[in-house]
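Me: I would like to go through this structure term by term. Please set each value against its cut-off.

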Amino acid sequence: MAENTQLEFLWNKITERAKKIVTPISYSAFIENLVPVDVVNKKIVLQAETDITANVITTSHADKLREAIVTSDTGLNDFIIIVEGSSIYTLTEMPDALEESTILLDKRYTFDSFVVGSSNKFVFAAAKSVAESPGENFNPLYIYGGTGLGKTHLLQAIANYITEHKPSLRVIYTTSEKFLNEYVDSMYSKKNSSGRDSETRFRNRYRNIDVLVIDDIQFWAGKFGVQEAFFHTFNELFSQHKQIIISSDCPAKELTTLEERLRTRFEGGLIADIQPPDIETKIAILKRKALEKKYIVPDDVLAFLVKNSDNNVRTLEGRLNTVIFACKLHEEPISLALAATALQESINGTEMQGEITMETIIDATCAHFSITRDELIGKSKRQELVRARQICIFLMCDMLTAPLVSIGKEMGGRDHSTVIYARDKIAELMRVSDSVSKAVTDIRSAILKE
């Protein structure tokens, strides 16, 4: 059964139950227009049209919708609400509750799955030390490095380790953009139904914890309101010896658009950078990725894949995925010749001619799916357009070194979290869906031939 057909089948069973336990007015106004887009950890991911709809569902209809899911005999037990280009709400974290992190930790991001080499052994050791003794050794821990070098992996590894080994500690992992969105909501929202002030709830959420992990703090450049909020949050946590971990794409002293008092606090802890991986580390990373996919790739092919490549680990994994798919498609063992053909490169690793830009990737995606640019970057929730949009974002992340915020802007003004979701979703689907892998490979080939 095709992926979208399966989702529709599950959603139809759920809505049949929902109609029986939700009032007709509520069903028509809020639930009927939800669009199923994914299933994650036995939770159905539903896309709402607006933040208001998502808010109403999670605050007023969550229990009924959850009951419909659990009793619909689908094997699912919960839901996640997303709003394209905006926030993500879950049943366990609603804007009024503000008790758990909305960013779901990826359990694959662990210290054991992180490939350590000469370029990152110092930052790895620092991250492991902080995870083992939060608030005791290095506070704050400030990790910086270029795109695709493993910052997010290490930050989530810290959060995953503490969650598993020190379950009594309250941990929040979030992105700078999510923190900013919550701050803005807290400033402009009224009191909730229980009478609690939004600003107070925001303040309590981030100050009554043991570990705070914030990714990509450089996106606060020029946003002085959220910097002020974080400054006071930082001071409160630091004074209580609570652990703070931060990542950025540059050293703290180069964040000149952040207030000096924040920069000096970052510099007061341990600053650790992730250097670009050397050839040996790149090969080790690809070998680990291949084994995770249950493939053994010859050493000469691994060396070919890393030759003339950039330092983005996701780009390397994208090359590996292309070769693995070619192996399955042509039913041939992985060889140097197969890899060269799959990547549209010569045996000596000559790179493609011509500059690849976001525009060329958008054009190639539109041509492959026979859609217009407006349809691709628009807000339509049609499943085929959503998938094309996610593939386009994945290819931009994979083939370019552009910041995620720039990719989101080019793709219709979508935010950082939406880009990450799309990128990771396609990377996951390429491991299990031949149709998605073929679409990515075909579009990539078309781009390389231009």
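Me: Where does His 241 lie?
Reply: In a predicted model, His 241 sits in the loop between helix 9 (224-239) and strand 8 (243-248).

Me: Why is His 241 called exposed?
Reply: Its relative accessible area is 60%. Exposed means over 50%. His 241 is therefore exposed.

Me: What is the phi of His 241?
Reply: Phi of His 241 is positive, about 60°, although the residue is not a glycine. Most residues other than glycine have a negative phi.

Me: Which loop holds Ser 370, and what is its phi?
Reply: Ser 370 is in the loop between helix 15 (358-369) and helix 16 (373-377). Its phi is positive, about 55°, and it is not a glycine.

Me: How do you know whether Ser 370 is buried or exposed?
Reply: Its relative accessibility is 66%. The cut-off for exposed is over 50%, so Ser 370 counts as exposed.

Me: What makes the peptide bond between Asn 139 and Pro 140 cis or trans?
Reply: Omega is about -5°, and the bond joining Asn 139 and Pro 140 is cis. Most peptide bonds are trans. Pro 140 belongs to the loop between helix 5 and strand 5.

Me: Where is Glu 136 found?
Reply: Glu 136 is in the loop between helix 5 (121-132) and strand 5 (141-145).

Me: Which loop holds Gly 146, and why is the residue called partly exposed?
Reply: Gly 146 is in the loop between strand 5 and helix 6 (151-165). Its relative accessible area is 30%. Buried means under 20% and exposed over 50%, so Gly 146 is partly exposed. Its C-alpha atom is 7.7 Å from that of Ile 274, and the pair is 128 residues apart along the chain.

Me: Which residues of helix 8 are buried?
Reply: In helix 8 (residues 198-207), Ser 198, Arg 201, Phe 202, Arg 205 and Tyr 206 are buried.

Me: How do you know that they line one face of the helix?
Reply: Look down the axis of helix 8. The buried residues fall within an arc of 120°, so they line one face.

Me: What are the angle and axis distance for helix 17 and helix 19?
Reply: Helix 17 (residues 383-399) and helix 19 (residues 416-429) pack at about 95°, and their axes are 8 Å apart.

Me: Why is the arrangement of helix 17 and helix 19 called roughly perpendicular?
Reply: The angle is about 95°. Angles of 65 to 115 degrees count as roughly perpendicular. The two helices are therefore roughly perpendicular to each other.

Me: Which residues make the contact?
Reply: Among them are Arg 387, Ile 391 and Phe 394 of helix 17, and Val 419, Tyr 421 and Ile 426 of helix 19. The contact residues divide into 10 nonpolar, one polar and three charged.

Me: How many helices and strands does the protein have, and what share of it is buried?
Reply: The protein has 20 helices and nine strands. Of its 450 residues, 54% count as buried.

Key. Residues numbered from 1 in each chain as written. Predicted model: local features only at pLDDT ≥ 70, side-chain atom pairs only at ≥ 80, totals over all residues. Heavy atoms only, no water. Helix = DSSP H or I, 4+ residues; strand = E, 2+ residues; numbered from the N terminus. Axes fitted to C-alpha atoms, helices over the stretch in contact; angles between N-to-C directions. Parallel < 35°, antiparallel > 145°, perpendicular 65-115°, else oblique. Contact = heavy atoms within 4.5 Å. Nonpolar A, V, L, I, M, F, W, Y, C, P; charged D, E, K, R; others polar. Buried < 20%, exposed > 50% of the residue type's maximum accessible area, 1.4 Å probe, protein only. Arc of directions from axis to C-beta.
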